[in-house]
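Me: Please take me through this two-chain model with questions and answers, beginning with the contact between the chains.

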Amino acid sequence: MTDWWTQLFDFSDYGALLALLHNSVLAGAVLGLAGGLIGVFVMTRDLAFAVHGISELSFAGAAAGLLLGIGVVEGSIIGSLVAALLIGLLGSRARERNSITAVLMPFGLGLGILCLALYPGRATSKFGLLTGQIVAVGDPQLGWLAVVCGIVVVGLLVMWRPLSFASLDAEVAAARGVPVRALSVAFMVLLGLAVAASIQIVGALLVLSILVTPAAAALRVASSPVWVPVLSTAFALVSLVGGILLALGSSVPISPYVTTISFLIWIVCVLAGRRRRDRRTLVAKGVAA
Amino acid sequence: MLSVRGAQLTLGARTLWTGLDLDVAPGEFIAVLGSNGSGKTSLLKTVLGQHPLAAGEMLFAGAPVRRGDRRIGYIPQQRGQDPAMRIRGRDLVRLGVDGERWGPGWPSRARRERVDELLDAVGASHYARVPVSLLSGGEQQRLRVGQALAGDPLLMLCDEPLGSLDLRAQRVVSELIDRHRRERGFGVLFVTHDVNPVLGMVDRVLYLANGRFRIGAPDEVLTSEVLSELYQAEVDVIRTHGRVVIVGAPDHAHHDHEHPHAHPGEVA
């Protein structure tokens, strides 16, 4: 029992570890910002399942990148973008999109497993792609993570209003001249980038904990266009940075800490939101009477 | 303000209407009637610049219609499943104020005041902070009117705005649109399958059927002779208690085997 505990939580020499691994914390912060913001649109556009599908193809790309020597990062970005564009272009309706995602997902996973099986190198870095890695983010990795997340955040801020309009109220947005289809494709590109970035930290199987759970939690307790993205970003930051800080001394990957924190936040928000929704219903009825 | 001359709309292999002439004057309320598939909604989409004409021309405020003209307001049918149901009423109206502009749109006082003003104009202020999904259909359509007023429209396009509303809400929403077009002087093209809720408000009726059309005062167009000639089938228009009932209008103008039937109070 105590063995498990020290494996999970070990804060001896924490100061020295933190100094050594501050790159990981920064990576978590950067990813939290991008993931929390894009999650809001993943929820309004009903793309949670598509995110999972993109991450499996991104995994395949990363594994192929490893095998062919192109590079894990490059491979995962290519895989993500291909999947995101396929889903975005072929699946404009939710039902088509779901079936395309369901078809792509096992194909991507299988392809990834094949590439990993053929790869002669060490096994630990292989599984990191699926389930997240043990804390260690190098300078070049942090650099590209910051660039990718920066593109996602800036892209989202530029498109924020028309993308919200198109996501929430497509028919009226089109009537107002919002380029609904072009925005949808542009959004899928940003989503692909965000998925590729998330995979490096939490792994392909757990991407939803960054790109969906925080936004889903925020939507439980807020509905204002200001508070939903603010809370979603805050939840994603707390999950990632908190998870990484807890994981620093342990021999376990980051991902279980991150997924547990984001899940706990979601539970709290569901409970808080239930009370709130009841009161709102009453307010609405009281007003109408 | 809207001027249509010899317009023809062809979607795929199908010509929806041809030789359409129509002028909408400022402040004029025109109901657009016709069977399913007669091209009523497509007419609105054409005015919005989303369908190009196969022939003829369509001018709005003196220039050919184009996409994204802020001076054209648009009110869609109320639907239960839209993602818009999850946001608050005032946020729905806000989308109409500056939703098409680029950038994040940081909170601003000017925009907040504009949204308040629009909510007030449609009597929606007291439920503006409630999520749209918790509102009645009539309350939701009030917000839609507020959203469409945000661009200070010269022309308002309404696509079945009374669909799935109860009778009382139908009256409230159509009176709201009627009042604002009188106060603000915008023209209205009002697509509806039931003319009765707006019968006392409309200036003219545009009736589309079989790719042809008739336009005129309700009393001139909604007669057994005119509609029978349009449909080239026996159609009876019955007026009872100030309501119009159209009996025998084929539902799908292009089917070989038509099943004429009547909906009390509706144009079939």
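**Interface, confidence and strand pairing**

Reply: In this predicted model, the rule finds 3 salt bridges across the interface of chain A and chain B.

Me: With which residue does A:R161 form a salt bridge, and how far apart are the closest N and O atoms?

Reply: A:R161 belongs to a group, with A:E171 and A:R176, that loses the most area to chain B, together 28% of what that side buries. A salt bridge requires a side-chain nitrogen of Lys or Arg within 4 Å of a carboxyl oxygen of Asp or Glu. For A:R161 the partner is B:D98, with the closest N and O atoms 2.7 Å apart.

Me: How many residue pairs are in polar contact across the interface of chain A and chain B, and from which helix does the largest share of the side of chain A come?

Reply: Counting pairs with both residues at pLDDT 80 or more, the rule finds 11 residue pairs in polar contact across this interface. On the side of chain A that touches chain B, α3 (22-44), α8 (139-168), α9 (170-175) and α14 (255-288) of chain A each supply at least two residues. The largest share, 9 residues, comes from α8(A).

Me: How many residues of the side of chain A that touches chain B are nonpolar, polar and charged?

Reply: The contact involves 30 residues of chain A and 40 residues of chain B, and the area buried between the two chains is about 3,000 Å², of which carbon and sulfur atoms give 59%. By class, the side of chain A that touches chain B has 19 nonpolar, 6 polar and 5 charged residues.

Me: Which helix of chain A has the lowest mean pLDDT among its elements, and which the highest?

Reply: Chain A averages a pLDDT of 89, and 92% of its residues score at least 70. Among the elements of chain A, the lowest mean pLDDT, 75, is that of helix α7 (residues 124-131), whereas the highest, 96, is that of helix α12 (residues 213-221).

Me: Which are the edge strands of the open sheet of 4 strands in chain B?

Reply: The order of this open sheet is β2-β1-β4-β5 in chain B, with antiparallel pairing. Within it, β1 (residues 2-11) and β4 (residues 55-60) of chain B pair over 5 bridges, and B:S3 has B:L59 in β4(B) as its bridge partner. The strands that pair on one side only are the edge strands, β2 (14-24) and β5 (63-64) of chain B.

Me: Which residue takes a positive phi in the hairpin of β11(B) and β12(B)?

Reply: Strands β11 (residues 236-240) and β12 (residues 243-247) of chain B pair in the antiparallel sense over 5 bridges, with B:V237 partnered by B:I246 and B:R239 by B:V244. The hairpin has 2 residues between the strands, and the residue with a positive phi, near 50°, is B:H241.

Me: What is the phi of B:N210, in the turn between β9(B) and β10(B)?

Reply: Strands β9 (residues 204-209) and β10 (residues 212-216) of chain B pair in the antiparallel sense over 5 bridges, and B:L206 stands opposite B:I215 in β10(B). The two strands form a hairpin with 2 residues between them, and B:N210 in the turn has a positive phi of about 55°.

Technical notes:
Residues numbered from 1 in each chain as written. Chains lettered and ligands numbered in written order. Heavy atoms only, no water. Contact = heavy atoms within 4.5 Å. Buried area = accessible area lost by both parts, 1.4 Å probe. Polar contact = N/O pair within 3.5 Å; in protein donor to acceptor, adjacent residues only side chain to side chain. Nonpolar A, V, L, I, M, F, W, Y, C, P; charged D, E, K, R; others polar. pLDDT = per-residue confidence, 0-100. Pairing = 2+ DSSP bridges.
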